[in-house]
Amino acid sequence: MCGIVGYIGSKDAYPILIDGLKQLEYRGYDSSGMALINDKGQMNLYREKGKVSNLESLALSSDTSGNIGIAHTRWATHGEPSRQNAHPQISQSGRIALVHNGIIENYAILKEFLLSKGYTFKSSTDTEVLVQLIEYIEKEYGKDLEGAILQALRRVVGAYAIAAIDLKSPDKIVVARKSSPLVIGIGEKRDEFFLASDAIPIVKYTKQIIYLNDNEVALLKRGQDIEIHNLNNENVTPDVREVDIKLESLGKGEYEHFMLKEIIDQPKCISDCMRGRLLFKEGRVVLSTINQHRERLVNARRFVIVACGTSWHAGLIGKQLIEQWANVPVVIEYASEFRYRNPVIFPDDVVIAISQSGETADTLAAFELAKKYGALCFGIVNVVGSSIARASQTGIYIHVGPEIGVASTKAFTGQVTVLTLFALALGRERGVVPLQEYNETIEELLRIPSKMQQVLDKNDEIKEIARSLTYAKNALYMGRGLNYPVALEGALKLKEISYIHAEGYPAAEMKHGPIALIDEAMPVIFLATHHQLYKKILSNIQEVKARNGKIIAIVTEGDEEVSKFAEATIEVPHTLATLAPLLSVIPLQLISYHVAREKLLNVDQPRNLAKSVTVE
């Protein structure tokens with residue numbers, strides 16, 4: 001989950017590296033650091049605990065010259081956040097610097113070996129073990145940096161994306177990856193290289209990107225063509241791709257936080273997500289994945305959805321829609337559990353992996369497991385060229401633009417939109433979804449962006465309601481049907497950025513335990529929009545009211561029943577029950593945002609979290 005950035009060429013490296021770290025800070029912000037080699041052949045190392053701004057302050061009065069360097073922003077795994085544990089980690093001689101994203105699982109064995117050879121350690125990181133091993137191999141076997149890294153990585157068990165520089169070879173950077181993302185950018189004149197954990201920090205410099213594959217090592221040498229080898233030292237032909245990320249999408253614009261910008265952007269994002277797929281004039285949904293893999297998808301025995309966190313909540317909605325409209329059984333699994341079981345997967349299954357980043361380690365591993373069983377691997381991701389996208393045999397991009405805020409918002413509604421389109425199209429191909437319902441849903445989907453905007457226009461009202469939750473210690477979120485996953489998502493958002501303990505439940509399950517928690521100090525947020533279970537959830541609301549619970553309810557506009565029992569209601573426009581999550585989730589996103597702001601918390605970078613979970 002750490003962020004790596006590097007540069008080699010004719011430009012000053014420092015401005016590129018420090019800007020890249022700022023762009024990657026959503027991946028980790030416990031500490032940061034960089035190593036630069038200047039024209040005198042000296043390596044300057046700067047590391048600091050905390051945010052990248054702390055590192056920038058440290059470097060202000062220092063020598064930051066040089067045309068080659070590597071940098072890192074950390075999300076701590078091995079060793080507490082500290083200057084000593086920050087990357088780059090340095091070899092014993094001080095000659096080799098290494099940055100690393102991932103986990104070296106057998107670091108303890110390797111460390112014991114190196115201790116026996118007289119090596120000492122200054123940090124408690126697994127990364128220092130790797131850089132010491134590389135130096136040992138260089139000395140013991142007379143290898144250059146690339147050769148030593150190749151040999152070292154053959155001894156490593158775990159996940160890694162690394163970049164290393166060596167004072168013996170001040171004109172090159174060696175990079176490698178396995179199960180952690182790393183991309184290489186080629187300069188316009190092809191005499192410089194950029195590297196990063198994803199394309200975001202380098203798109204302002206180049207659109208030519210190489211996505212390094214697992215078990216590949218690349219040599220980036222000033223003024224020369226890139227060289228890529230696998231761990232068997234066999235040549236690999238670089239696959240250069242063009243990326244198209246709009247630079248304006250990477251900034252906060254007029255907003256104070258990325259999270260707020262991304263919440264407000266949802267009407268436009270969902271329009272972009274549906275563009276070219278929802279053909280109103282023709283009255284149909286067109287997805288290339290169904291055109292290309294119609295037989296496998298239409299005749300699937302079942303769908304297995306694997307995901308984590310917010311993506312898992314979107315998958316719960318997708319499960320209900322696929323079963324309702326396509327009449328195919330759907331199983332949804334936490335990827336982190338699925339990958340370590342001995343799951344029953346049939347060759348005629350379709351396994352759908354959902355991940356905003358496309359780099360979620362557990363989801364990717366579950367996907368690869370499914371592929372071994374012969375299932376069709378279907379990816380739903382946001383980031384073009386990501387690991388899950390490249391591992392997929394087919395799939396759909398959600399196309400909502402870069403999501404920088406750690407707490408996912410627009411990616412959730414994008415995932416739900418894509419799953420809705422897929423379920424509709426599949427149901428039509430299978431001849432299951434009634435034509436009238438199919439047409440009504442298409443017409444209503446086109447209205448969703450404007451209805452989202454109507455909800456967003458209530459931001460000031462929602463902000464006032466959110467104030468009442470500022471000092472809560474706990475909260476319950478209740479929903480039924482398709483609003484149950486929204487309750488889970490609302491509770492997760494509150495936990496993530498306001499640090500208030502919150503749980504989501506199917507409202508009918510309240511009587512099976514959670515009702516014991518309800519008193520005058522317990523806020524209960526109900527998703528009570530009109531659908532077939534409305535009267536049931538109204539009964540649940542009355543049960544909470546009878547126990548003095550504090551009720552906040554999301555209701556359909558014009559509702560007159562719930563307001564009799566709730567302290568506050570937030571109205572959303574009327575829509576089909578199948579599309580209700582796309583509207584009912586927005587007030588919950590805004591509530592969590594405003595509660596965190598009232599508590600003066602860091603909305604975009606909540607403690608202990610990072611945007612992309614690329615390690616187990």
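These legends describe close-up views of a predicted model.

**View 1. The seven-stranded sheet.** An open sheet is built from 7 strands with antiparallel pairing. Their order is E5-E6-E7-E8-E12-E13-E14. Strands E5 (89-90) and E14 (235-236) stand at the edges. Each has a single partner strand, so one side of each is left without a neighbour in the sheet. Strands of a sheet pair through backbone hydrogen bonds, either parallel or antiparallel.

**View 2. The E8-E12 pair and helix H5.** Strand E8 (residues 169-178) and strand E12 (residues 216-221) run antiparallel and are joined by 6 bridges. Within this pair, Ala 176 stands opposite Val 217 of E12. Helix H5 (residues 145-155) packs on the sheet. The strands that H5 touches are E6 (96-104), E7 (158-166), E8, E12 and E13 (227-230). The direction of H5 makes about 165° with that of E7.

View 3. The bond from His 87 to Pro 88 is cis. Its omega is near 5°. Pro 88 lies in the loop between strand E4 (68-74) and E5. E5 is an edge strand of the sheet in View 1.

**View 4. The largest cavity.** Searching the whole structure gives 2 cavities of 30 Å³ or more. The largest has a volume of about 60 Å³. E6 gives the most, with 3 residues.

**View 5. Strand E2, buried on both faces.** All 7 of the 7 residues of strand E2 (residues 31-37) are buried, so the strand is largely enclosed by the rest of the structure. Ser 31, Gly 33, Ala 35 and Ile 37 point one way. Ser 32, Met 34 and Leu 36 point the other way. Both sets are buried.

**View 6. The partners of E2.** E2 pairs with strand E3 (residues 43-49) in the antiparallel sense, over 7 bridges. Ser 31 has Lys 49 of E3 as its bridge partner. The hairpin of E2 and E3 has 5 residues between the strands. In this hairpin, Gly 41 takes a positive phi near 80°. E2 also runs antiparallel to E4, with 7 bridges joining the two. Here Leu 36 stands opposite Gly 69 of E4.

**View 7. Helix H12 and its cover.** Helix H12 (residues 361-372) has 12 residues. From its first C-alpha to its last it reaches 17 Å, close to the 16 Å expected at 1.5 Å a residue. Its buried residues are Ala 361, Asp 362, Thr 363, Leu 364, Ala 366, Phe 367, Leu 369 and Ala 370. The cover over these buried residues includes strands E18 (303-307), E20 (350-355) and E21 (376-381). It also includes helices H11 (335-338) and H13 (387-391). Just after H12, Gly 374 takes a positive phi of about 90°.

**View 8. Helix H17, largely enclosed.** Helix H17 (residues 483-498) has 16 residues. It reaches 22 Å from its first C-alpha to its last, close to the 22 Å expected at 1.5 Å a residue. Of its 16 residues, 14 are buried, so the helix is largely enclosed by the rest of the structure. Just after H17, Tyr 499 takes a positive phi of about 65°.

**View 9. Two asparagines with positive phi.** Asn 233 has a positive phi of about 65°, although it is not a glycine. Asn 233 sits in the loop between E13 and E14. It is partly exposed, with a relative accessible area of 44%. Asn 327 has a positive phi of about 60° and is likewise not a glycine. Asn 327 lies in the loop between helix H10 (309-326) and strand E19 (330-334). Asn 327 is exposed, with a relative accessible area of 53%.

Conventions:
Residues are numbered from 1 along each chain as its sequence is written. This is a predicted model: local features need pLDDT of at least 70, side-chain atom pairs count only at pLDDT 80 or more; totals for chains, interfaces and linings use all residues. Side-chain values use heavy atoms; hydrogens and water are left out. Two strands pair if DSSP finds at least two bridges between them. Helices (H or I, at least four residues) and strands (E, at least two) are DSSP runs, numbered from the N terminus. Contact means heavy atoms within 4.5 Å. Axes are lines fitted to C-alpha atoms, for helices over the stretch in contact, and angles run from 0 to 180 degrees between N-to-C directions. Buried means under 20% relative accessible area, exposed over 50%, partly exposed in between (1.4 Å probe, protein chains only). The expected span of a helix is 1.5 Å times one less than its number of residues. On a 1 Å grid over the protein atoms alone, a cavity is a set of points where a 1.4 Å probe fits but cannot get out, and a pocket is an open set with protein on both sides within 12 Å along at least five of seven lines; lining residues have an atom within 4 Å of a point. Grid points are joined across faces, edges and corners, and a volume is the space filled by probe spheres set on the points.
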